[in-house]
Amino acid sequence: MARNSVSAAAGSRQSSVSSTGSIDPFSVAQVYYGPETDFTTHRVTNLIRTRTLSTVQTRSTHDTPEFLKSVPRRRASQDAQSMTPRKFLVDVNSTLQALLESEDTDGNMQITIEDLGPKVLQLGTANSNGFNKFDIRGTYMLSNLLQELTLAKEYGRKSIILDEQRLNENPVSRLSRLVRTQFWDSLTRRIDASLLEVIAVDPKNRSKDQSPRIYVPPTEKEQYEYYTKEAAKRPHLNLQVEYLPSSITAEWVKSVNEKPGLLALAMDHVVDEFTGQPTLRGKPFVVPGGRFNELYGWDSYMIALGLLVDGRVDLAKGILENFIFEINHYGKILNANRSYYLSRSQPPFLTDLALKVYEKTKFEPGALNLLQDSFEAAIEEYWNVWMSPPRLDQESGLSCYHPDGIGIPPETEASHFEHLLMPFAEKHNLSLEEFQRQYNDGIVKEPALDEYFVHDRAVRESGHDTTYRLEKRCANLATIDLNSLLYKYEADIAHTIRTKLGDKLVLADGTVETSAPWDRRARRRKILIDQYMWDEEKGMYFDYDIVQKQKSDYESATTLWAMWAGCASPQQAARLVSVALPKFEEFGGLVSGTERSRGVIGLDRPNRQWDYPYGWAPQQMLAWVGLIRYGYEEDAERLIYRWLYMITKAFVDYNGIVVEKYDVTRPVDPHRVDAEYGNQGSDFKGVAKEGFGWVNASYTFGLTLITSHARRALGACTPPGLFYASQNSYV
């Protein structure tokens, strides 16, 4: 369904016709498999080929010597093509059936290295009308064939002319092309008439009321009227449109857990191209994918890094404008724009996103105004969210993740808290379902559970849900990641006011902001981070427990965020690289935390997805940028190669898979993640159409930071050890 949301701009970004007049072999699917190329209904005249008839001709050009003009021309092979890549004539349904019967031996609608088929299938060439056969060999080409046939069938094609180039394309080129021309568009959403049926779907809704619902801020009357009118046009949706209260409390958020809904975002005033009447259009954004079908906080920043690389400034700008809307109407950048997320935020990246969008748009009208709006919103968020109790620890001056809320987070999978809640249900002689209801409503009092969920909500606000680093203590931790990000806010605000805004930013309430106080705030935070979090002997930063008044001993890759933010001194950066970095570097990149810190795993202590041995895209990208910032380019390039190799190899061996997270210690099947939430992006049949947001971004972003030699090695699936051994042999 998401493919219908592809914008007109997508078509212009992907050429559909080559200079020879034939279909571009790397066109997007809706172009490549469009009806105009169906040979069953249209005469195909674009094939580049020589004569295929067994005729004899004589040469008769002006440049041919006389003695050669009478020499018979050789009989042409039916597939002689003057170095032109092959094209195949394919009956979609029969070939797809034969391919699956032969190669998909485990019946999962994917062709991977684990399938035990012969790994060869013959296709007839187009120039011989299918008479001459050519072998398609190996997992990669066969899985690409499965993907292409799946797409062709979805577009209603019975027969196709298929370019060999789509089957044997360099995997780096193929994956980056798919991200650029397909995945971003498949993940793009707007909250308006064009996508209501897609965006209103909430896979996390476990309530009895499954009606889609949109909650609108009380000041946005135009939006309320717009959605009400559009809902009336679609009675089959049963779309409910409701106003939010003027004051949003934890009690109110809990009260609508049984009727959760989407929270409205920013919209533009436009003229309907069909009716000529004024209307509203939602500003676009990109969702992570899988069960996450809404605008997320720090996911969106990471996604924007890839969007900007791929020229999708429109989408990155839309994310920024929606963040500003959230701060203005909901008081914070939300964990995500659903009603059950109203009480909590996520790691803050607004200032850096605003600066990156500004650099891409600074010559456009209104760019400076958007930058100013962004920093006004960031300042509001800074004071009202991160520098206010309970998130601010008054004694240390540092900040914690500490959202408010009541009861059990409703967006989790049904079984997620069973092991925790069952003893309490048995204690009160209640069924699990009834105990949850009574506990949420305050009928049953359990202070121990109250304490647990304070920290659980904080873990979810941290974005690192879940990990033993934060479990049962997150709200008590001033984390190095959050305080590094707030240092970056302070430094960015100071620098931007000074260099972009004439050292004067007038806020909506008349307050005048200048750069000097923000410089002082940044310097003070660095002093506090060094005082409470830096361990010179261990060569890394640790979270600080504001209750126990001591540093945590959990070794987390977030220690490297200080380099991304620029709050580490050159000496501290050197210690981080020499002492800390080796603790986290694994086969496929950086692991989230060390095995020692995670501890022993067993039946009573299952693994958590933000612990060893798992690696995540944001940890990689922030580390790369931090290392480069301090001059450690070789270390950054090595980590980038490891991460991109792992993604590329899984993409090649496992039917084009791109997932949410990876086991960076597994060289063969790193997408196999045995953690509580599974792995988003792995549940597809035939062809993956979305990947996963921040992994897509890490791939395209990472490719901009490595050499062309490393990129060629990736395309050949050269393992990191072998690649760097060959590199060192030239030194």
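1. Helices (H or I, at least four residues) and strands (E, at least two) are DSSP runs, numbered from the N terminus. On that basis, Asp-503 lies in the loop between helix H17 (480-499) and strand E13 (505-506). Asp-503 is not a glycine, yet its phi is positive, at about 55°. With a relative accessible area of 31%, Asp-503 is partly exposed; buried means under 20% relative accessible area, exposed over 50%, and partly exposed in between (1.4 Å probe, protein chains only).

2. On provenance, this is a predicted model, in which local features need pLDDT of at least 70 and side-chain atom pairs count only at pLDDT 80 or more, whereas totals for chains, interfaces and linings use all residues. Residues are numbered from 1 along each chain as its sequence is written, and side-chain values use heavy atoms, with hydrogens and water left out.

3. A positive phi, near 55°, also occurs at Asn-238, a residue other than glycine. Asn-238 is placed in the loop between helix H8 (221-233) and strand E7 (240-243). Its relative accessibility is 41%, so Asn-238 counts as partly exposed. For context, most residues other than glycine have a negative phi, and most peptide bonds are trans.

4. Two peptide bonds deserve a check. Pro-389 and Pro-390 are joined by a cis peptide bond with omega of about 5°, and Pro-390 belongs to the loop between helix H13 (367-386) and helix H14 (418-427). A cis bond also joins Tyr-612 and Pro-613, with omega of about 10°; Pro-613 is in the loop between helix H21 (595-598) and strand E21 (614-615).

5. Which side chain makes a polar contact with that of Ser-343? The partner is the side chain of Asp-404, at 3.3 Å. A polar contact is a pair of N or O atoms within 3.5 Å; within protein, one must be able to donate a hydrogen and the other to accept it, and residues adjacent in sequence count only if both atoms are side-chain atoms. Ser-343 is situated in the loop between helix H11 (313-330) and helix H12 (350-361) and is buried, at 12% relative accessible area. Leaving aside residues up to four places away in sequence, Ser-343 touches (heavy atoms within 4.5 Å) Ala-250, Val-253, Lys-332, Arg-391, Pro-403 and Asp-404.

6. Cys-474 is buried, at 0% relative accessibility, and Cys-717 counts as buried at 18%.

7. Among the 24 residues lining the largest cavity, Phe-292, Tyr-296, Asp-465, Gln-609 and Glu-660 are the closest to its centre. On a 1 Å grid over the protein atoms alone, a cavity is a set of points where a 1.4 Å probe fits but cannot get out, and lining residues have an atom within 4 Å of a point.

Definitions and conventions:
1 Å grid on protein atoms, 1.4 Å probe; cavity = no way out; pocket = protein on both sides within 12 Å on 5 of 7 lines; lining within 4 Å.
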